[in-house]
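Hi,

Here is the structure I promised to pass on. Have a look at it first, and my notes follow below.

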Amino acid sequence: TTNDTPLVITIDAYAVLDIHNEKSDNVDYENYVIIDKAGNKYVTGSASFWASFNEIMDEMKGEDEDVTIQVYKMDSKNYKGKQFLTCSIV
């Protein structure tokens, strides 16, 4: 989790996991794995994070430099008292 402190990750690799879990309310869903340059692995199922992450990766496609992101929580405009996970390029 990021709690209240943003997490900075220099991307080495990432993957999408298609999950089928009969015991879940939603039996089919995706999780996203991000691996940093040190080999640390981060997992989330956040669609808002994944949308922001994909925008960053599309923008950086073909660039010959490391991609570093900052992962953080933002307050939801739609659900008072709720937060969602997102990211931006550093």
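A question to start with: in which strand is threonine 44 found? Threonine 44 sits in strand β3, where helices (H or I, at least four residues) and strands (E, at least two) are DSSP runs, numbered from the N terminus.

Before the rest, some housekeeping. This is a predicted model, so local features need pLDDT of at least 70 and side-chain atom pairs count only at pLDDT 80 or more, while totals for chains, interfaces and linings use all residues. Residues are numbered from 1 along each chain as its sequence is written, and side-chain values use heavy atoms, with hydrogens and water left out.

Back to threonine 44. Its relative accessibility is 15%, so threonine 44 counts as buried (buried is under 20% relative accessible area, exposed over 50%, partly exposed in between, with a 1.4 Å probe and protein chains only). The side chain of threonine 44 reaches the backbone nitrogen of serine 46 at 3.0 Å. If you skip neighbours within four places in sequence, threonine 44 is in contact (heavy atoms within 4.5 Å) with Asn31, Tyr32, Phe49 and Leu85.

Now the sheet. Five strands make an open sheet in the order β3-β2-β1-β4-β5, and the pairing is antiparallel; two strands pair if DSSP finds at least two bridges between them. At the edges are β3 (41–44) and β5, each pairing on one side only. Direction ignored, neighbouring strands of this sheet are turned by 35 degrees against each other on average (axes are lines fitted to C-alpha atoms, for helices over the stretch in contact, and angles run from 0 to 180 degrees between N-to-C directions).

Going through some of the pairings:

- Strand β2 (residues 28–36) and β3 are joined by four bridges, with tyrosine 32 opposite threonine 44.
- Strand β1 (residues 7–20) and strand β4 (residues 68–75) also pair over four bridges, and here leucine 7 stands opposite valine 71.
- β4 and strand β5 (residues 83–89) pair over seven bridges; aspartate 75 faces glutamine 83 there.

Helix α1 lies across β1, β2, β3, β4 and β5, and runs at about 10 degrees to β5.

The aromatics are the other thing to look at. Rings of Phe, Tyr and Trp (its six-membered ring) pair if their centres lie within 6.5 Å; planes under 30 degrees apart count as stacked, over 60 as edge-to-face and the rest as tilted. By this rule there are five aromatic pairs. One of them is tyrosine 14 with tryptophan 50, edge-to-face at 5.9 Å centre to centre and 65 degrees between the planes. Tyrosine 14 is in strand β1 and tryptophan 50 in helix α1 (residues 47–60), so this pair ties together parts that are 36 residues apart in sequence. Tyrosine 14 also pairs with phenylalanine 53: the centres are 4.9 Å apart and the planes are at 80 degrees, so this pair is edge-to-face. It links β1 to α1 as well, so parts 39 residues apart in sequence are tied together.

How exposed are these rings? Tyrosine 14 is partly exposed at 39% relative accessibility, tryptophan 50 is buried at 11%, and phenylalanine 53 is buried at 0%. Ring pairs link Tyr14, Tyr32, Phe49, Trp50 and Phe53 into a cluster.

Cheers

Technical notes. Polar contact = N/O pair within 3.5 Å; in protein donor to acceptor, adjacent residues only side chain to side chain.
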